2 protein chains.
Amino acid sequence: MRVVVTGGAGFLGSHVADVLRASGHDVTVADLQMSPTHRTVVADLIDVSSLTTAFAGAEAVCHLAAVGDVYLAAERPALAAEVNVVGTANVCQAAVASAVRKVVYASTWEVYGQPKYQPLDEEHPCAPDHPYNITKLAGEQIALAYHQLRELDVTALRLGTAYGTRMRPNSVFSIFVDRASRGDTITIQGTGEQARQFTHARDVGRAFDVALTQGAAGRVYNIVADEFITIRKLAELVTSIIPARLEFAPARKADVPTAHVSSARARKELGWEPTVSFDQGLRELVQARAGLTTS
Amino acid sequence: MRVVVTGGAGFLGSHVADVLRASGHDVTVADLQMSPTHRTVVADLIDVSSLTTAFAGAEAVCHLAAVGDVYLAAERPALAAEVNVVGTANVCQAAVASAVRKVVYASTWEVYGQPKYQPLDEEHPCAPDHPYNITKLAGEQIALAYHQLRELDVTALRLGTAYGTRMRPNSVFSIFVDRASRGDTITIQGTGEQARQFTHARDVGRAFDVALTQGAAGRVYNIVADEFITIRKLAELVTSIIPARLEFAPARKADVPTAHVSSARARKELGWEPTVSFDQGLRELVQARAGLTTS
């Protein structure tokens, strides 16, 4: 399939593009920056004509471009709204104009907000309270509205917190690995007991691959790995690979609480399941980032 | 209180500005167009510096400017997102920069989506599915996030479908009155049994007035009249004032279904209740629009 990956020069988009190409798709990246490894059309979510150009001839679009940095979104809510909401409307508009048949939207498990019950399934109410989650949910809803209003085939994937090689330098993974590599102390904010179902970027890529052909129109799927990893456990795993000291500091404001997310729908309807264990994924990431040979 | 009303040159905003002035506030309108009756600062939601200028010296902002036309929002989702989401983030940013103490946001009862139970109270999950409702909810959530992130005192009012003099020409009220005035047949789309708790624009204005001083920070309130009026009843009331023929036509796509909304929280916590009966409000509107003396 001829697939455009928006944000395909970024961390998660690049893994999605890699997986789609390995799966046999003809991949083009649409991004503000050039991908070092994929054919790229420079496009800006704010400029619908650049998107229409990028989508010419494509059969499907995987839409991952976004303000994905929660700290930047909190600092500049209007920018998050512009990129994540207006930008998604522009992607859908350009997809309609370019006769694209399928759009797969990268949403997030954080759209649910405070859990009313657990595990969180796709029927759980959404009540986001942070500019990142709010704008990602509005983008998801706008994309799904294009299914209703313009008959565009749209599937949304609510992704777990993704990790893997090429992560942003301000991710907790990069920060821990960089500090350990320099021989600095690793600082855990809060008790370190806040846990995440970290989901490997390749597993996310595989979810996009199956959603392209099997994701139902107008439907959302949680794509979240099963393992619960606390921040403390993450730090301990990093220091088991690169020895470093651990210390604790006060919790940051607006940290997302621990919640258990179920991917049962994706397993059942898409046949998706996570394949990269956290231990394996983390060792690969540490090796790549620190330039070390792991034991 | 020195209050800026965004969108104060439009239908609903002009009523809010009138009520606030009558209540003793010092009112300035911020709008793309000049208000014929209120001091106006021309400002654009997309231009945060124009908002900062408009808010200089203000103690409070009532934010009503929006793409409020559901048909326009469906036609141009990116525009709705730009004005209703990015624009609201800009209003909050400018409010923070201008040391405004209070923002009251005009949200809508339509944020709830398909009812899971009725009457709809403020704890009902929100699941909007149309670019208008989606972007109004995202605007509400962004504004409330400013309370969390920047300590801006924000209250949101989820308004019933408002009516009154000076309505847009494409509102069902204006269309019915205009057709009857010209001696044309009034066409009801669908069965005419879809009902709304039409809420008079002056009652909405009174809700903003009380919310300015008594609306809790970070809290939302339904502001919806009690009476249920079907479209058929509306048409019959119009033709009882201006005789005209009625006919029925197929339903429009994406019509919002009937739902019962409770304003119990606003009654209890704000002391707000509707005061304009539908019969009174409609006669006033018909008289003003058709230039008739009603019996």
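Where is P119(A) found? It sits in the loop between β5 (102-108) and α5 of chain A. Hold that thought; I will come back to it.

First, some ground rules. This is a predicted model, where local features need pLDDT of at least 70, side-chain atom pairs count only at pLDDT 80 or more, and totals for chains, interfaces and linings use all residues. Residues are numbered from 1 along each chain as its sequence is written, while chains are lettered from A and ligands numbered from 1 in the order in which they are written. Helices (H or I, at least four residues) and strands (E, at least two) are DSSP runs, numbered from the N terminus.

Now the two chains. Chain B can be laid on chain A with an RMSD of 0.0 Å, by a turn of 180° and a shift of 0.0 Å along the axis. That is the relation of a two-fold axis. The superposition is by least squares on the C-alpha atoms of residues with pLDDT of at least 70 in both copies. The same surface serves both copies: 96% of the contact residues of chain B recur in chain A. In contact means that the C-beta atoms of two residues, placed from the backbone, lie within 7 Å.

How many residues does the contact take from each chain? There are 24 from chain B and 23 from chain A. On the chain B side, α4 (77-97) and α5 (131-150) each supply at least two residues. By class, that side has 16 nonpolar, six polar and two charged residues. Here Ala, Val, Leu, Ile, Met, Phe, Trp, Tyr, Cys and Pro count as nonpolar, Asp, Glu, Lys and Arg as charged, and the others, Gly among them, as polar.

Look at the α5 helices. α5(A) and α5(B) pack at an angle of about 180°, with their axes 10 Å apart. Axes are lines fitted to C-alpha atoms, for helices over the stretch in contact, and angles run from 0 to 180 degrees between N-to-C directions. That makes α5(A) roughly antiparallel to α5(B), a label for angles over 145 degrees. Residues in this contact include I134(A), A138(A) and I142(A) from α5(A), and I134(B), A138(B) and I142(B) from α5(B). The residues of this contact divide into 10 nonpolar, four polar and no charged.

Next, the sheet in chain B. Seven strands form an open sheet, in the order β3-β2-β1-β4-β5-β6-β11, with parallel pairing. Two strands pair if DSSP finds at least two bridges between them. β3 (40-42) and β11 (219-223) of chain B stand at the edges, each with a single partner strand, so one side of each has no neighbour in the sheet. The twist averages 20° from one strand to the next. β2(B) and β3(B) pair over three bridges. D31(B) stands opposite V42(B) there.

Over to chain A. Four of the five residues of β1(A) are buried, so this strand is largely enclosed by the rest of the structure. Buried means 20 or more other C-beta atoms within 10 Å of the residue's own, exposed means 12 or fewer, and partly exposed is in between; the C-beta atoms are placed from the backbone. β1(A) and β2(A) pair in the parallel sense over five bridges. V4(A) has T28(A) as its bridge partner.

Back to P119(A). A cis peptide bond joins Q118(A) and P119(A), with omega about 0°. In chain B, the bond from Q118(B) to P119(B) is cis too, with omega near -5°.

One last stop: R166(A). Its phi is near 70°, a positive value in a residue other than glycine. R166(A) lies in the loop between β7 (162-163) and α6 (172-182) of chain A. With 14 C-beta neighbours inside 10 Å, R166(A) counts as partly exposed.

Methods: Parallel < 35°, antiparallel > 145°, perpendicular 65-115°, else oblique.
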